[in-house]
Amino acid sequence: MAFINDHYLKLAAGYLFPEIARRVTAFADANPSLKGRIIRCGIGDVTEPLPPAAIAAMHAGVDELASRETFRGYGPATGYDFVREAIAQGDFRERGIAIEADEIFLSDGSKPDASAFIEILAAGSPAEGGNRIAVCDPVYPVYVDNNVMAGNTGAALAGGGYEGLVYLPGTPENGFVPEPPAQPVDVAYLCYPNNPTGAVITRAQLTRWVEWALANDALICYDAAYEAYVRDPSLPRSIYEIPGADRCAVEFRSFSKNGGFTGVRAGYTVVPKAVEGRTSSGERVPLHRLWMRRWATCSNGVSWPVQRAVAALYSPEGRAQMAELINFYMENAAILRQACAAQGLRVWGGEHAPYVWVACPEGLGSWETFDTLLTRAQLVVTPGAGFGRHGEGFFRISAFNSRANVIEAGKRLSTLSAVLA
Ligand SMILES: *Cc1c(COP(=O)(O)O)cnc(C)c1O
């Protein structure tokens, strides 16, 4: 009989979204007349059609596969040069950041990338030669769960979280941007603009993180999935805007939230050649070499029509259409933010991110608030507790929705105090 990876059994009961889905289905089954009224502002999935430039490029890519002259088979595992070049130019060099095309690794999304990246790092607990890993709390659960599955943590703790991970609390006091840890850490995950809190990191704060990483020989895994939502030009959109980050950070980028590619699947990871890790015997090795090897061995890359679509996002039309999509979701965020603030609730985010983070009404926990909003207003939000211990007492509202749904959700939030009474 095959032995399994025991670490999977450490995963705390149920990923957040299946539990939300279970409660929503149970409510709908018990209340068929209210089923049609349910508005889902829970999961962060886009709702609007793709930019026409991407659609046209995908159609063209499919047609190219239909004729012998333009047919494409296996491509380079890390993406065609013209795509990597368009990314390096459009997202970095044009903005004064020195990133080369061969430091861009095109993929089927940044959730898979953030998950796979730990394959090139040592596994196990620090005592077993693994890394001391820090995450923010609340956190995008993907970073944590992957480290659990890889055996980099201990058991699940009673009040949430896992033994062996360093949790950095995000609180209203620090604006949900923790300072670098005082204790030794080898790998730290950061995500800004943040999911779930919608918080942004300032240039000064991110500089402190980069300086910390350089001083402590640590690696920062920077998730910039929401960089396109940054409105204020003084806020960093990439960690490479900070001097020295090209020696201590990798960056995960996604086309899911800017181009609406959640169902198309594309993203990329930036691994600068100067970022190094250490062998167990102390020798320094560029991570670029390992990540390259990992791609060549484990993947055959992204489909041709999708690569055509990615390149099209960098055309002038593609960029304008993406900007329009982002504006649309940001108007949604403003409506939701105002509706909550008008109720006297404390709100964060929604200004440079498609998420509004709200303090639960006095005396209610985050799952209680979730259940109340579901049963009394048929509004589905995400309970903060699902993102970690320090998410308790808050809930997240996603701005990814149709305008009609957002306006209606805003109205129902406006009656929140009555609903909760
Ligand atoms: C949505 C999201 C992503 C994107 O994941 P894809 O696999 O590219 O769709 C990455 N990180 C965070 C924090 C996200 O919320």
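**Close-ups of a predicted model: sheet, edges and cavity**

**View 1. The open sheet.** Seven strands, in the order S2-S8-S7-S6-S5-S3-S4, make up an open sheet with mixed pairing. Strand S2 (104-107) and strand S4 (166-169) sit at the edges with a single partner strand each, so one side of each has no neighbour in the sheet. From one strand to the next, the twist averages 20°. Strands are DSSP runs (E, at least two residues) and helices likewise (H or I, at least four), numbered from the N terminus; two strands pair if DSSP finds at least two bridges between them. The model is predicted, so to speak of local features takes pLDDT of at least 70 and side-chain atom pairs 80 or more, while totals for chains, interfaces and linings use all residues. Numbering starts from 1 along each chain as its sequence is written, and side-chain values use heavy atoms, leaving out hydrogens and water.

View 2. S2 pairs with strand S8 (residues 267-270) in the antiparallel sense over 4 bridges, and Ser107 stands opposite Gly267 in S8. Helix H4 (residues 110-117) packs on the sheet, touching S2, strand S6 (219-223), strand S7 (249-254) and S8 (contact: heavy atoms within 4.5 Å). The direction of H4 makes about 155° with that of S7 (axes fitted to C-alpha atoms, for helices over the stretch in contact; angles from 0 to 180 degrees between N-to-C directions).

**View 3. The largest cavity.** Its lining includes Asp91, Arg253 and Tyr268 (an atom within 4 Å of a point on a 1 Å grid over the protein atoms alone, where a 1.4 Å probe fits but cannot get out). The largest cavity holds about 50 Å³ (space filled by probe spheres set on the points, which are joined across faces, edges and corners).

Technical notes. 1 Å grid on protein atoms, 1.4 Å probe; cavity = no way out; pocket = protein on both sides within 12 Å on 5 of 7 lines; lining within 4 Å.
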